[in-house]
Amino acid sequence: MSISLIGIISVQVFWIKKSIDLAENQFTSDVKSALMQVSQNISDRELNQFYNKYSRFAQNRENLTESEIKDFIYQQVDTARQETFTYAQSILEENYRVPTEFFENDSLNFTKILSKEEVTIIKNQISGDEDIENMAPEERFFKYEELKDVEKLLSANQSRILFGRMPIHQRVSNDEITFGLEKELTERGIDTEFKYGVYNNDFATKLKSGYFRKNADKTYVVNLFADNDGESNYQLHVSFPDKKNFLLASVGKILALSVLFILVIILAFVSSLYQMIKQKQISEIKTDFINNMTHEFKTPIATINLALDAIKNPKIIKEEEKILRYVQMIRDENKRMHAQVENVLRISKLEKNQLDLSKEKEDLNDLIEEAISHVELMVQSKGGYINTHLNAVMSEILANNFHLTNVIVNMLDNAIKYSPNAPKIDIFTENTARNIILKVKDEGMGMTKNVQKNIFKKFYREETGNIHNVKGHGLGLAYVKKIIEDHQGTVHVESERGKGSTFIVKLPLI
């Protein structure tokens, strides 16, 4: 199970990492594409600005310096289809001298290009003696246009040279860069904050968005106003402060599902281990309980058998006094076994909520005195004492007399059993605003922190190496806790090994 769990988690983690890496690669690709488009848009805008400004001089047909006509003719004869295809193009190239504001008393060349295209198709029977030029065409097409794209292309180099003499902040503005980046990034689904800065090689320019710091590992770079070789003195650097959060959000749903499933698998695994360990502990505790109960029943059964054998003895049967003593022994041992059975049945009924807990108004101080009377002779026989410090002024509670008395008796019985020497027990009561506090303090062997955590669990007994050195089967304190909780109270223990224990019960006043 552990190997399978580790394998599944490893595959999930590897898959999540691959998903994030894929998202990051896609992010990088989209950002680079957006930056290249922004750079191209800025360059195109500058070229269009240059072209639109100086093309108007050519429209006026002034300052014409020279013109040239270039002809291109292509002809193909298709004998299978009995037709002749002719394509002819005439290009008129006119060069103008236009004034420029970049240099005083200077001008620049501006080229205007016009195109005429003619397509002719002759579908006659062609023989070797016929003159193709004199045949009447069946189809003829003409197209006249101005080749503005070619004009712009020829102007691009001049544009770069002329505008290249201007400072970068006069060629492009922060608003244009910001708007362009927002538009291109949004079209590619990148909706996160960005910072940018334009650098002249390694030197910062005035173009930047607020505080920007160049970091080679965290910024994306594209050249601005690149030449024909793609080289430029200006670079646009863009960074994304929230890139990590954006990438996680982009795979957020899948990532959340993967994490959820991993947690479910881990919880199921831990729960399985916990249940296995718990069942093992319960099995061990039940085995100890059976051993203890067997021991508890073995002694009275042996005593009863001995008493019965003695009564059957002809010498003893005539002595009434001895017979009565043996009968009393049988009755006492029978009561002892009955008490053990009642403890087990009582706990079972408590767990099934079948125990009758009818409650009436009772005085806790009186219940304490009654409980002391049940164990007083046992304490005196061991040379110990029970001192009471009943300081609670208000002591009336809603309780079941029988069961709450048994609770106090059980706590006193524990204090007696776990006192290696003469039991020294003190009982305290005191009031808080709405409750009464009962404390049963002894100077016995005490218990460790681990024992304190488990002391109120059913069947639990502290491991001492000999499970029969103290009589009991781990049900008394489980019974105490259940009865106190059914009285809307709480119980806990404070103890230190070798220095005794104090059981503290808090019950609500009427």
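Modeller: In strand S8, valine 238 is the residue opposite tyrosine 196. This is a predicted model, where local features need pLDDT of at least 70, side-chain atom pairs count only at pLDDT 80 or more, and totals for chains, interfaces and linings use all residues. Residues are numbered from 1 along each chain as its sequence is written, and side-chain values use heavy atoms, with hydrogens and water left out.

Biologist: What makes S5 and S8 a pair of strands?

Modeller: Two strands pair if DSSP finds at least two bridges between them. Strand S5 (residues 195-200) has 6 bridges to S8, so the two pair. They run antiparallel. S7 is also joined to S8 by 6 bridges and is also antiparallel to S8.

Biologist: What counts as a strand or a helix?

Modeller: Both are DSSP runs, numbered from the N terminus: E of at least two residues for strands, H or I of at least four for helices. The chain has 12 helices and 15 strands.

Biologist: Why is S8 called largely enclosed?

Modeller: Count its buried residues (under 20% relative accessible area; over 50% is exposed, in between is partly exposed; 1.4 Å probe, protein chains only). In S8, 6 of the 6 residues are buried, so the rest of the structure largely encloses the strand. Both faces are covered, with Tyr234, Leu236 and Val238 on one side and Gln235, His237 and Ser239 on the other.

Biologist: How many aromatic pairs does the whole structure hold?

Modeller: The search finds 6. One of them is phenylalanine 27 with phenylalanine 246.

Biologist: Why is that pair called tilted?

Modeller: Rings of Phe, Tyr and Trp (its six-membered ring) pair if their centres lie within 6.5 Å; planes under 30 degrees apart are stacked, over 60 edge-to-face, the rest tilted. Here the centres are 5.7 Å apart and the planes stand at 55°, so the pair is tilted. Phenylalanine 27 is in helix H1 (residues 2-59) and phenylalanine 246 in helix H5 (residues 243-250), so the pair ties together parts 219 residues apart in sequence.

Biologist: What makes phenylalanine 27 buried or exposed?

Modeller: Its relative accessible area is 3%, so phenylalanine 27 is buried.

Biologist: What kind of pair do tyrosine 220 and phenylalanine 240 form?

Modeller: An edge-to-face one, with 70° between the planes and 5.9 Å from centre to centre. Tyrosine 220 lies in strand S7 (residues 219-224), and phenylalanine 240 in the loop between strand S8 (234-239) and H5. Tyrosine 220 is buried at 10%, and phenylalanine 240 is buried at 7%. Ring pairs link Phe27, Tyr220, Phe240 and Phe246 into a cluster.

Biologist: Why do S10 and S14 count as edge strands?

Modeller: They belong to an open sheet of 5 strands in the order S10-S12-S13-S15-S14, with mixed pairing. Strand S10 (385-390) and strand S14 (490-496) each have a single partner strand, so one side of each has no neighbour in the sheet. From one strand to the next, the twist averages 15°.

Biologist: Where is lysine 481 relative to phenylalanine 456?

Modeller: A charge sits over a ring if NZ of Lys or CZ of Arg is within 6 Å of the ring centre and within 35 degrees of the ring normal. Lysine 481 lies over the face of phenylalanine 456, at 5.8 Å from the ring centre. Arginine 325 lies over the face of tyrosine 326 at 5.2 Å.

Conventions
Axes fitted to C-alpha atoms, helices over the stretch in contact; angles between N-to-C directions.
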